[in-house]
Amino acid sequence: MHLTRKAIAERIKDIDVVIELLDARLPGSSANPMLADMTAGKPSLKVLNKQDLADPERTEMWLSHFNGMPGVRALALDASMVAPARELVSACHLLAPNRGGMAKPMRVLICGIPNVGKSTLINTLKGKRAAKTGDEAGVTKIEQRITIADDFYLYDTPGVLWPRIIVAKTGYNLAASGAIGRNAFNEEEVALELLDYLRRQYPSALEARFKLTGVADKTDEQLLDAIGRKRGALQGGARVNLQKAAEIVIHEFRGASLGRLTLETPHEFLEWRAVGEKLDAERQLKKDAIEHARLVRLKKVPRPPRAGARDSESSD
Ligand code: G4P
């Protein structure tokens, strides 16, 4: 991560537009807040990738959300598009109209969290296998420059840009999408969270896929149990193997067997983020207080006056 940060920091001054690849099923949770800080002030193109897996209505909502932000444009893509370059190039020219031509080539940095489809897109843009797809998370690659046109260069970020999980919900959505390695989360917990969202937002998708009725009235646990039973994920005593049932739910969501679903709207995400930022600020205050107490103990900063001390001083 440190290397990736360093590489982005070094490259960013010569960059005209930053392309951030987002997962169209979770455009808020798959954004990296650290990237926003590092690239502040640069025109930004948000690419909602894997749109083939996402709810088209919600993709439209996200596109208008991003397109309403100053210095930001957004478009949706997926790997089935044989020539995505034209759309990317024209969006970048709209964002940086003063760049173009051999004297002032457009320089674009492309970033995205693991598994968002960056290598696949780069391969398509390049027309041959430039970046290995399905790369092992954490393997640092050398930054590469891809020439899209004589006056259009695309710089790939080396290393891995991990998502920063600011609130539990974004972590669950990232895990459900496949952005987080298998050993880093509890499948049952993730499946229950996923079912909790889907039974409220997409009940008919669940009913159709798992041949169930009344899913909106079931608890998440009842639903996971019912899915396990339908699929024969049983263990001793005809009990449901919840781990197996959870894997089925996650796998079928990822493969869009449940249909094209999106796990967050802009409005929902902004609410979650506000909660996350509040918790973050509270955590930081606690950390600062602990650090201050440590420095007081080491006599590196003066001990704060005791409550009431100031009052008695001023009344003298
Ligand atoms: P990354 O470089 O951002 O880490 O992602 P990468 O391109 O390796 O893609 C991660 C997975 O997502 C790959 O599947 C890839 O095929 C798939 N993918 C990429 N773009 C799209 C898209 O637009 N739509 C859909 N549905 N899938 C996409 P994989 O199962 O990990 O590997 P493989 O089976 O393709 O080898």
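1. Strand E6 (residues 152–156) is largely enclosed by the rest of the structure, because five of its five residues are buried. This is a predicted model, so the points below describe a prediction. Phe152, Leu154 and Asp156 point one way from E6. Tyr153 and Tyr155 point the other way. In a regular strand the side chains alternate between the two faces of the sheet.

2. E6 has strand partners. Strand E4 (residues 106–112) runs parallel to E6, and five bridges join them. Within this pairing, Arg107 stands opposite Tyr153 in E6. Strand E5 (residues 144–149) pairs with E6 in the antiparallel sense, over five bridges. Here Ile146 is the residue opposite Leu154 in E6. E5 and E6 are joined by a hairpin through two residues.

3. Both tyrosines of E6 deserve a look. The charged end of Arg145 sits over the ring of Tyr153, 3.7 Å from its centre. The charged end of Arg11 sits over the ring of Tyr155, 4.0 Å from its centre. Tyr153 and Tyr155 are both buried.

4. Next, the aromatic pairs. A search of the whole structure finds two. The pair Trp62 and Phe66 is tilted, because the planes stand at 35°, with ring centres 5.6 Å apart. Both residues lie in helix H3 (residues 56–67). They are four residues apart, about one turn of the helix.

5. Trp62 and Phe269 are both buried.

6. On to the nonpolar cores. The largest has 59 residues. Ile19, Leu45, Leu88 and Leu198 touch the most other members. Helix H7 (residues 187–201) gives this core its largest share, seven residues. Domain 1 (2–156) and domain 2 (186–254) each supply at least three residues to the core.

7. Leaving aside its neighbours within four places in sequence, Leu198 is in contact with Pro203, Leu206, Leu258, Leu261 and Leu263. Another core lies apart from the largest one. This other core has 14 residues, among them Ala24, Leu48, Ala76 and Val167.

Conventions:
Residues numbered from 1 in each chain as written. Predicted model: local features only at pLDDT ≥ 70, side-chain atom pairs only at ≥ 80, totals over all residues. Heavy atoms only, no water. Core = buried A, V, L, I, M, F, W, Y, C linked by side-chain atoms within 4.5 Å. Buried < 20%, exposed > 50% of the residue type's maximum accessible area, 1.4 Å probe, protein only. Domains from an automatic or database assignment. Contact = heavy atoms within 4.5 Å. Phe/Tyr/Trp six-rings, centres within 6.5 Å; stacked < 30°, edge-to-face > 60°. Lys NZ or Arg CZ within 6 Å of the ring centre and 35° of its normal. Pairing = 2+ DSSP bridges.
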